[in-house]
Amino acid sequence: MSAIVAAIIFAGGRGSRLGGADKADLDLGGQRLLDRVIAATQAAGVNRPVIVGPDRAGLNHCVVVREDPPFAGPLAALAAGLSAIGLESSERDAELLLLSCDLEHPDAVITQLLAQSPAAYEDAVVLRDPDGRAQWLAGRYRVASLSRAVAHLGDEIANQPLRRATERLTIGWRDAPSEIVADIDTPQDLARARARTQRQTQPYVEIPDPGGRMSNHLPPEALDAWLAAATAELGVDSEAVRIGTVLDVARDVAHDVARPAAPLSTFLLGVAYARSGAADPAQLEALAERLTARAVAWKTEHGGTE
């Protein structure tokens, strides 16, 4: 069972880079950003969400607290959140998640954090983007260590960065693809996130396959979120995978060999890619071309069998 007993979700910022908009209330895919994060924590079995923000931020089943004074910054928000958790004595060794309300893919972030327990000598596991930037609000922390670090600062927490507390912790860094840790800070970020969400939720469309038959397809970009979640679960670098390449192999094998051969062939493609020892999309493409060529030859050798 996970040792994670709570999540502190930060939802009290000014949204200055969004023109003063309340991030928690922004809509993405028909849900508030905050509600998406709450739902992701609960889906992962973390049933004690604490929201740090205005009263309207939370749902009926959530604890909502406010940093004192309001807008006093993330460190003050952390102190308020920790004071509201209310751990039992049996939970002294517990862990919690620190999450931002503006995560584009909170489910993928949480999936990755659940798979990354802190080592015995680590106080926290924190995701880091491809540029090496710490994502403090995409982290898994030992409650006791974090509480001690905040208590050490005393009253010197207003308008201070989280780094004042985290610099006293032993951090276990976990690299994450940019699509997993993406957040929504600007109107441009929001527009891109809405465009991606629209593509991911659009219905299947019928298009003709090479034989003229109609079949259901979903555009490759609609699978971006699933790729991020699945690769995090399996410990695979999503940057090493090209969805279009894999789907092209499945399509060609289904047409030239047989439909049931498509999933078998993509599995074999993955096995061969792993055995090559080079997590390089160019190598994936080369293997895919070999498999597709073999499928074309198979069709010729077997008289066009489908």
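**Briefing: helix packing in a predicted chain**

Of the 306 residues of the chain, 45% count as buried, a term that here means under 20% relative accessible area with a 1.4 Å probe and protein chains only. This is a predicted model, in which local features need pLDDT of at least 70 and side-chain atom pairs count only at pLDDT 80 or more, while totals for chains, interfaces and linings use all residues. Residues are numbered from 1 along each chain as its sequence is written, and side-chain values use heavy atoms, with hydrogens and water left out.

**Whole chain**

- The chain holds 11 helices and 11 strands, taken as DSSP runs (H or I of at least four residues for helices, E of at least two for strands) and numbered from the N terminus.
- Where contacts (heavy atoms within 4.5 Å) join residues at least 6 apart in sequence, 66% of them link residues at least 24 apart.
- The accessible surface comes to about 15,600 Å², and 52% of that belongs to carbon and sulfur atoms, as computed by the Shrake-Rupley method with a 1.4 Å probe.

**Helix H1**

- Helix H1 (residues 33-43) is mostly covered, with eight of its 11 residues buried; these are Leu-33, Leu-34, Asp-35, Arg-36, Val-37, Ile-38, Ala-40 and Thr-41.
- Among the elements against which the buried residues of H1 pack are strand S1 (4-10), strand S4 (49-52), strand S6 (95-100) and helix H3 (106-114).
- Gly-45, which follows H1, has a positive phi near 85°.

- The axes of H9 (residues 243-256) and H10 (residues 261-276) come within 8 Å and cross at roughly 140°, where axes are lines fitted to C-alpha atoms over the stretch in contact and angles run from 0 to 180 degrees between N-to-C directions.
- H9 is therefore oblique to H10, given that angles under 35 degrees count as roughly parallel, over 145 as roughly antiparallel, 65 to 115 as roughly perpendicular and the rest as oblique.
- In the contact of H9 with H10, Val-246, Val-249, Ala-250, Val-253 and Ala-254 of H9 meet Ala-261, Ala-262, Ser-265, Thr-266 and Leu-269 of H10.
- H10 and H11 (residues 281-301) pack at an angle of about 135° with their axes 10 Å apart, and they are therefore oblique to each other.
- On the H10 side, this contact is made by Ser-265, Leu-269, Ala-272, Tyr-273 and Ser-276, and on the H11 side by Pro-281, Gln-283, Leu-284, Leu-287, Ala-288 and Leu-291.

How values were computed
Buried < 20%, exposed > 50% of the residue type's maximum accessible area, 1.4 Å probe, protein only.
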